[in-house]
Each structure stands twice: as C-alpha cells, then as structure tokens.
Amino acid sequence: RLHRLSMTPGAEVLAAASDSCLNTVSFIDAVQQRFQAIFRATAEYPMLAGIHQFLESCFQPEMAAVFSEFKSKTSDAEIKNKHNSHCCYTLSPSDFGVHNCLKSKTGKLFFIDFEYFGWDAASKMISDFFHHPSMQLSAKQMKMFLEYFIDASQMEDLALEIETVHKIVGLKWVLLFLNVCLPEVMARKQFARTITSQDELVAAQLLKAEEKLSEIKRFSHLNY
C-alpha cells in the first residue's frame, strides 16, 4: 500500500527517509561514516579495546571485501557519478518490521512509528527488514515476503537489487549494534537507567555484532 502511495501525484515532494540510500555511493558512505565514528570512539577508552580490536581485525577486512564486491556489481560510471540508475525507489517507514506493528482484534495489522519516514531505495528498505534483529526470518519467510512485494510493486529487478546491497546493508547493522560505543549513546542509556553495567552492555553488543558479521560472510545469494 505504501508503495502504491509512492505513485500518487505530489509524493515526489516528500523528503528522503532518515539514513536513506538514494544512489550507489550512499550505501558505501553510510557504512564508512558509521565505521569511522565508532572506530575513533573505541580507540579512546580502554573498556572498548575488545570492540576496537574486532573492528580492526575482523570488520575492516570484511568491509573492504564487501565494498570491492559491491563495486564490481555496479558500473564505474555509477560510482563516479554517484548515481544508481537501476535502483527502485519507494516511500519507506525507515524502521519497518513487526516491532512497529499492532494487531487488532479482527486480525488487521496497523503499522506505526513513521518518525523516519520518506523516500528510500526499496532494496535497502527490504534488506533492513531482513537484517533487523526483531525479525529473525527463515529463508522460506524471506522468499515469501520478497515474492509478495515484487508481485505487488511490479519491481522485476528487485531481487537482484537486494542481492547487490544485502551484504553492505548488513555491515551497517553490525555497526548499529556497536552504536553503544558512541559517547552520546552511552550517556543516554545511563540517563534512562536502561543498563546495569557498561561492561555487560558492551559485551552483549559485541556478541551481536560478531554474529551478524558471521552471517554476512556466509551469505552468497537470496533463495529466490
């Protein structure tokens, strides 16, 4: 339904979604900028030495490999001109998943939380949906969702688009798990008293990041 609304007159004036990727280079920039911020932050605090080591020894080599693969799947002209001519765009909630969904007594689903709403690449929106830790989708469920979306949107090249960006979007999720290393995030969590121990939180988030990175390394193609 949201994609159909993307086709209505006037929709083009809406702003880009938060953290949107509307061209090829923006996928790379989104990861690099997050990486640099977290890498700098972890270098300053001894308690974050484990995460800094993970970023340097494990994440950075995989990031280089994923970037190389990503660029090989897109033309040099697209990289140079920061233009992704084959990308399909849609209006996106930018935080799409069951964690932002309410079910009525009749079984009807209502999606909420459009704080980050706007234009984004459909491939990124769906890759975010697949990678989100609240989803935990099986290969069969991913296939069913993708088939339904392609049929409803008539985006014939979408499966190929998602295969192209899936790993690089996954790298972003590795770094999202490590956002806790940023001083402003840690301060906010302490203020809200959502954690009992910084060490426990850091260890838990590092484990999630390691598991997601392993998942990315295993990915070869969509079961579609």
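Phe129, Phe130, Phe145 and Phe149 are linked into a cluster by ring pairs (Phe, Tyr or Trp rings, the six-membered one for Trp, with centres within 6.5 Å; planes under 30 degrees apart are stacked, over 60 edge-to-face, the rest tilted). The model is predicted, so local features need pLDDT of at least 70 and side-chain atom pairs pLDDT 80 or more, while totals for chains, interfaces and linings use all residues. Residues are numbered from 1 along each chain as its sequence is written, and side-chain values use heavy atoms, with hydrogens and water left out.

As for the overall layout, the chain has 9 helices and 4 strands (DSSP runs numbered from the N terminus: H or I of at least four residues for helices, E of at least two for strands). Along the sequence these run α-α-α-α-β-β-β-β-α-α-α-α-α. Of the 224 residues, 42% count as buried (under 20% relative accessible area; exposed is over 50%, partly exposed in between, with a 1.4 Å probe and protein chains only). Among contacts (heavy atoms within 4.5 Å) with a separation of 6 or more, 77% come from residues 24 or more positions apart.

Back to the rings: the structure holds 7 aromatic pairs. One of them, Phe27 with Phe70, is tilted, at 6.0 Å centre to centre and 55° between the planes. Phe27 sits in helix α2 (residues 24-44) and Phe70 in helix α3 (residues 49-72), so this pair ties together parts 43 residues apart in sequence. Both partners are tucked away: Phe27 is buried at 3% relative accessibility, and Phe70 is buried at 2%.

Turning to charge, the count comes to 9 salt bridges (a side-chain nitrogen of Lys or Arg within 4 Å of a carboxyl oxygen of Asp or Glu). In one of them Asp19 meets Lys172, with the closest N and O atoms 3.6 Å apart. Asp19 lies in the loop between α1 (2-6) and α2 and Lys172 in helix α7, so the bridge ties together parts 153 residues apart in sequence. Another bridge, between Asp128 and Lys124, spans 3.0 Å from N to O. These two residues both lie in helix α5, 4 residues apart, or about one turn of the helix, and both are buried. Through shared partners, salt bridges join Asp19, Arg34, Asp120, Lys124, Asp128 and Lys172 into one network.
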